[in-house]
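Subject: Structure handover

Hello,

Here is the structure I said I would pass on. My notes on what was found in it come after it.

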Amino acid sequence: MVLSKRHAEILRMLREGDAVSISDLAARLGVSLETVRRDVKPLSDDGSVVRMHGAVGLAGLGGEAPFERRMRENAAAKRAIARHVAATIADGESIMLDTGTTTSFLARELLGHRRLTVVTNSSDIARTLATVNGNKVYMAGGELRSDSGAAFGVSAIEFISRFSVDHAVISVGAVDAEGLMDYDLEESEFARTVLACGSRRLAVTDHSKFGRRGLVRICTFDAVSALVTDLLPPADIADALAASGALLEVARVDVAEAVERN
């Protein structure tokens, strides 16, 4: 990527210390929050910086939180999945997103959409989409996790249960022939509730989750409209999907980004 003067200045600021908030960058550069977000996007896309909860930091910082590290894993695949899903969502529609790295990538791909109604338990997703392009963002309350910045618990589940949305999207940690799983009880319960709120119900995951077994079962494949991923799954998973009636959608990863898989 060709660096502009402002891109170079952002990188210089980040080299001076730890992560810097978007609002601080805007103030120091004398530009709007929207301009900073646009400037940060190509730096994030090429791996120079890592976007955090309302802030950015240099890639590879020793203090990087586990969620930010997971955002860097298989980033090209997750970004391709996010672009694929974003292209199926129209301006003015409603979408519910649980917390996860792939759903966080989806939130970034939705920045070009307008008048969305977004329901989420993720502070990262809420901050990404709130106050832009006429969006309405509703964030569930509850116990806030220090890692992901997401809210969980009974109050979070009760809150999202009041909504009925066009698209419900969950990010899952493990997929086998029996369905979708994750490693945390509260996250799995929340994801199950998200699916129940959507007319269209999507599970998004990159190929590295195939064949894994999580601690907690979220649901079988017949609870989702489609599984969106970046590579064809093993035959047993593909057969189980077909038998359930759920669609399998495979996103195309850009050749220039494919090296991020290694």
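Helices (H or I, at least four residues) and strands (E, at least two) are DSSP runs, numbered from the N terminus. H10 is followed by Gly245, whose phi is positive, near 90°. This is a predicted model: local features need pLDDT of at least 70, side-chain atom pairs count only at pLDDT 80 or more, and totals for chains, interfaces and linings use all residues. Residues are numbered from 1 along each chain as its sequence is written, and side-chain values use heavy atoms, with hydrogens and water left out.

Overall

The chain has 10 helices and 15 strands. Of its 262 residues, 51% count as buried (buried means under 20% relative accessible area, exposed over 50%, partly exposed in between, with a 1.4 Å probe and protein chains only). Among the contacts in the chain with a separation of 6 or more, 60% are between residues 24 or more positions apart; a contact means heavy atoms within 4.5 Å.

The sheet

Seven strands make an open sheet with parallel pairing, in the order S6-S5-S4-S9-S12-S14-S15; two strands pair if DSSP finds at least two bridges between them. S6 and S15 are at the edges with a single partner strand each, so one side of each has no neighbour in the sheet. On average, neighbouring strands of this sheet are turned by 20° against each other, direction ignored. Axes here are lines fitted to C-alpha atoms, for helices over the stretch in contact, and angles run from 0 to 180 degrees between N-to-C directions.

S9 and S12 pair in the parallel sense over six bridges, and Val165 stands opposite Gly198 in S12. Helix H5 (residues 75–86) packs on the sheet and touches S12, S14 and S15, its direction making about 135° with that of S14. Strand S12 (residues 198–204) is also paired with S14, parallel and over three bridges, with Ala203 opposite Leu227 in S14. On its other listed pairing, S14 is joined to S15 by four bridges, and the two run parallel; Val228 stands opposite Glu249 in S15.

Both faces of S14 are covered: Ala226 and Val228 are buried on one side, Leu227 and Thr229 on the other.

Helix H10

S14, H10 and S15 make a right-handed β-α-β unit. A crossover is right-handed if, with the strands pointing away from the viewer, the path from the first strand over the helix to the second runs clockwise. Helix H10 (residues 235–244) has Ile237, Ala240 and Leu241 as its buried residues. Seen down the axis of H10, these fall within an arc of 100°, so they line one face of the helix; the arc is that of the directions from the helix axis to the C-beta atoms. An α-helix has 3.6 residues a turn, so residues three or four places apart point the same way. The buried residues of H10 pack against strand S10 (174–176), strand S14 (226–229) and strand S15 (247–250). The face turned away from the buried side of H10 carries the exposed residues Ala235, Asp239, Ala242 and Ala243.

Aromatic pairs

A search of the whole structure finds three aromatic pairs. Rings of Phe, Tyr and Trp (its six-membered ring) pair if their centres lie within 6.5 Å; planes under 30 degrees apart count as stacked, over 60 as edge-to-face and the rest as tilted.

- Tyr138 and Phe163 have ring centres 5.3 Å apart and planes at 50°, so this pair is tilted. Tyr138 lies in strand S6 (residues 136–139) and Phe163 in the loop between helix H8 (154–160) and strand S9 (165–171), so the pair ties together parts 25 residues apart in sequence. Tyr138 is partly exposed, at 34% relative accessible area, and Phe163 is partly exposed at 22%.
- Phe152 and Phe190 form an edge-to-face pair, 6.0 Å centre to centre with 80° between the planes. This pair links distant parts of the chain, with Phe152 in strand S8 (residues 151–152) and Phe190 in helix H9 (residues 185–196), 38 residues apart. Phe152 is buried, with a relative accessible area of 3%, and Phe190 is buried, with 1%.

Ring pairs also link Tyr138, Phe159 and Phe163 into a cluster.

Arg115, in the loop between helix H6 (101–109) and strand S5 (117–120), has a positive phi near 60°. Thr131 has a positive phi of about 65° although it is not a glycine. Thr131 lies in the loop between helix H7 (123–129) and S6 and is exposed, with a relative accessible area of 75%.

Regards
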